[in-house]
Amino acid sequence: MNLAEITEYLGSDWSGLEELMRSGLTSGVKLLQSVNDSILASSGKRLRPMISLLTARALGTPNIDTLRYAAACELLHNATLMHDDVADESPERRGRPTVSALFGSSAAVLIGDFWLSRAVDLILMSEDHERVVGFFSRTLSDLAEGEMLQMEKAASADTDEDAYFSIIHNKTASLFETAGMAAAASVGASDERFEAAKQFALCFGMAFQIKDDILDYTGDTRLGKPVGLDIREQKITLPLLGAMRSSGREAEMRAKVQAVHDHPEYCREIHSFVLENGGVEYASAKLDEYIGKACGALSVLPDSTARRYLEEIAHYNVFRQL
């Protein structure tokens, strides 16, 4: 997927998004402004606002509220990453030191709060904010519940597929879903097209997280993607669930996950178990299902460049390595 080609297609919408984020994060506190600038310069692919802007184009004509909602999605996303890094005590993200590693957990929480508050400001500037703020509010609730459920399951090592899919919906797919719904609302989409945007973004988000969980077993550390982090954090994800299904060793593997802090050598054993028992293939099949559902949701929309780019981004989940 050529991200530069997509951002060129989005043109003034993309540059307007970036300007809204920069201006929305302006602060008179020099340290805070410096950190904000640094995060903006290294904040990844910005898939959530990209999907939001493409969705708006596939459904109608983007406007200033579209840009505000797209920018709010990215600010909220980065705010939650800063909070997650504190909760997980993560020293690095995307191959760079986390804010908490550089400035301490207290500063990271405060900076995350600042980004969250500025996201809310952008939403409240919009004409239809009374409806859309509910989307964002639900996502914030989902994020908190997803994180707590993941912590609960990490302690007990009893994650099943129902719990796994609840966790990845709440922690990842919910914000993508909000990005799609907010975009649809901003251009006055019909109920049918609103639902199409919602389902595409939701299924894309599920696929995105499944791919992340596959990469935790197959990724390349040279590309900046840590491998084996989930098991070190006692997270049972879809590749391990798939490997345990017919292995006859489920109880053994769950016990090893639960004991991994005392026996770090179990990480390599669990990793090998997943690769040797079809765990990656099982998760990849589920990934394909969600990609199919995402693209299928777009079938009610007329053919357009924006729709084709959305489909391309969905299929990108099969091939990406980061």
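Ile64 is partly exposed, with a relative accessible area of 44%; here buried means under 20% relative accessible area, exposed over 50% and partly exposed in between, using a 1.4 Å probe and protein chains only. Ile64 belongs to helix α5. Its C-alpha atom is separated by 9.8 Å from that of Leu20, a residue 44 places away along the chain.

A word on the ground rules. This is a predicted model, in which local features need pLDDT of at least 70 and side-chain atom pairs count only at pLDDT 80 or more, while totals for chains, interfaces and linings use all residues. Residues are numbered from 1 along each chain as its sequence is written, and side-chain values use heavy atoms, with hydrogens and water left out.

Now for the whole chain. The protein has 16 helices and two strands; helices (H or I, at least four residues) and strands (E, at least two) are DSSP runs, numbered from the N terminus. The radius of gyration is 20 Å, close to the 20 Å that the globule rule gives for 322 residues, so the protein is as compact as a globular protein of that length. That radius is taken over C-alpha atoms, and the rule is 2.2 Å times the number of residues to the power 0.38. The C-alpha trace spans about 55 × 50 × 35 Å along its principal axes.

Of the 322 residues, 53% are buried. Contact means heavy atoms within 4.5 Å; among contacts between residues at least 6 apart in sequence, 77% join residues at least 24 apart. The protein exposes about 14000 Å², and carbon and sulfur atoms supply 51% of that area, as computed by the Shrake-Rupley method with a 1.4 Å probe; for residues, only the protein chains shown count as cover.

Helix α4 covers residues 47-59, and its 13 residues should span 18 Å at 1.5 Å a residue, which agrees with the 18 Å between its end C-alpha atoms. The expected span is 1.5 Å times one less than the number of residues. Both helices are mostly covered: 12 of 13 residues are buried in α4, and 21 of 28 in α10. The buried residues of α4 include Leu47, Met50, Ile51 and Leu54. Their cover includes α1 (3-10), α2 (12-24), α5 (64-88), α9 (161-186), α10 (191-218) and α16 (305-319).

Next, a look at two loop residues. Ala157 has a positive phi, near 55°, in a residue other than glycine, and Gln234 has a positive phi of about 60° although it is not a glycine either. Ala157 lies in the loop between α8 (129-156) and α9, whereas Gln234 sits in the loop between α11 (229-232) and α12 (238-244). Their accessibility is set out here with that of two helix residues.

| Residue | Relative accessible area | Class |
|---|---|---|
| Ala157 | 3% | buried |
| Gln234 | 11% | buried |
| Leu116 | 23% | partly exposed |
| Ile64 | 44% | partly exposed |

Finally, Leu116 is found in helix α7 (residues 105-124). Leaving aside neighbours within four places in sequence, Leu116 is in contact with Leu76, Ala79 and Leu140. The C-alpha atoms of Leu116 and Arg57 are separated by 26 Å, with the two residues 59 apart along the chain.
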